[in-house]
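This report looks at charged contacts, a pocket and a surface patch. Please view the structure first.

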Amino acid sequence: MKLIITDLTPFPIPIEGNYQLINPGAPIHPCTGCFGCWIKTPGKCVICDSYENTGIAMGKCSELILISQCCYGSVSPFVKAVQDRAISYIHPDFVLRGGEMHHKRRYGNVISLSAYFYGEAVTETEKETARKLIAANADNYDGRIKSIRFYKSAEELKNLIL
């Protein structure tokens, strides 16, 4: 399954195959850092809104696709909030990967991560920051990068087929 997290609503991009779309259809509450998703309800956020099962959805996906406005070399506030609420995807225990300490995966899937950024005046420095951020996300998810692309506008994304 493809899990698509985006700040676009309505979502204008055609999608092939099995997918789940997460976009700003309802207000999102920020992660409070309570670790309830690790201790009280492993894998599921304790904040009950439309986003509490995002970590579980990540555990079922083979590809995570982020489609976001590029905001100072990062994803938009909505996409970041969804990612924060999905921290339950990883386990609280640690492992060494590539000589660095990371949380281990809670689920058996290996995520292939793609990021599609849009924005009119995205600088080369912001693009490099975004590439490093997505690489760090892939490391933290114990996944791999499939694609990172930049577009001048959300309108240009309509030519993508996911």
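## Salt bridges

The structure holds nine salt bridges. The model is a predicted one. Several of these contacts are described below.

One of them joins the side chains of Arg-85 and Asp-49, with N to O at 2.9 Å. Arg-85 belongs to helix 3, while Asp-49 sits in the loop between helix 1 (36-39) and helix 2 (54-60), so this pair ties together parts 36 residues apart in sequence. Both Arg-85 and Asp-49 are buried. Each therefore has under 20% relative accessible area.

## Pairs within helix 4

Lys-127 and Glu-124 meet through their side chains in a salt bridge of 3.5 Å, N to O. Both residues lie in helix 4. They are three residues apart, about one turn of the helix. Glu-124 has 56% relative accessibility, so it counts as exposed. The cut-off for that class is over 50%.

Glu-128 pairs with Arg-131 in a salt bridge. Their closest N and O atoms are 3.7 Å apart. Because Glu-128 and Arg-131 are three residues apart in helix 4, about one helical turn separates them. How exposed are the two partners? Glu-128 has 37% relative accessibility and counts as partly exposed. Arg-131, at 32%, also counts as partly exposed.

## A linked network

Salt bridges also form a network. Its members are Arg-97, Arg-105 and Asp-142.

## The largest pocket

The largest pocket holds about 330 Å³ of space. Its lining has 16 residues, and those closest to the centre are Gln-83, Asp-84, Asn-137, Asn-140 and Tyr-141.

What is the make-up of the lining by class? Eight residues are nonpolar, six are polar and two are charged.

## A nonpolar surface patch

Phe-94 is placed in strand 4, which spans residues 90-97.

## Recap

Technical notes: Residues numbered from 1 in each chain as written. Predicted model: local features only at pLDDT ≥ 70, side-chain atom pairs only at ≥ 80, totals over all residues. Heavy atoms only, no water. 1 Å grid on protein atoms, 1.4 Å probe; cavity = no way out; pocket = protein on both sides within 12 Å on 5 of 7 lines; lining within 4 Å. Points joined across faces, edges and corners; volume = space filled by probe spheres on them. Nonpolar A, V, L, I, M, F, W, Y, C, P; charged D, E, K, R; others polar. Helix = DSSP H or I, 4+ residues; strand = E, 2+ residues; numbered from the N terminus. Salt bridge = Lys/Arg side-chain N within 4 Å of Asp/Glu carboxyl O. Buried < 20%, exposed > 50% of the residue type's maximum accessible area, 1.4 Å probe, protein only.
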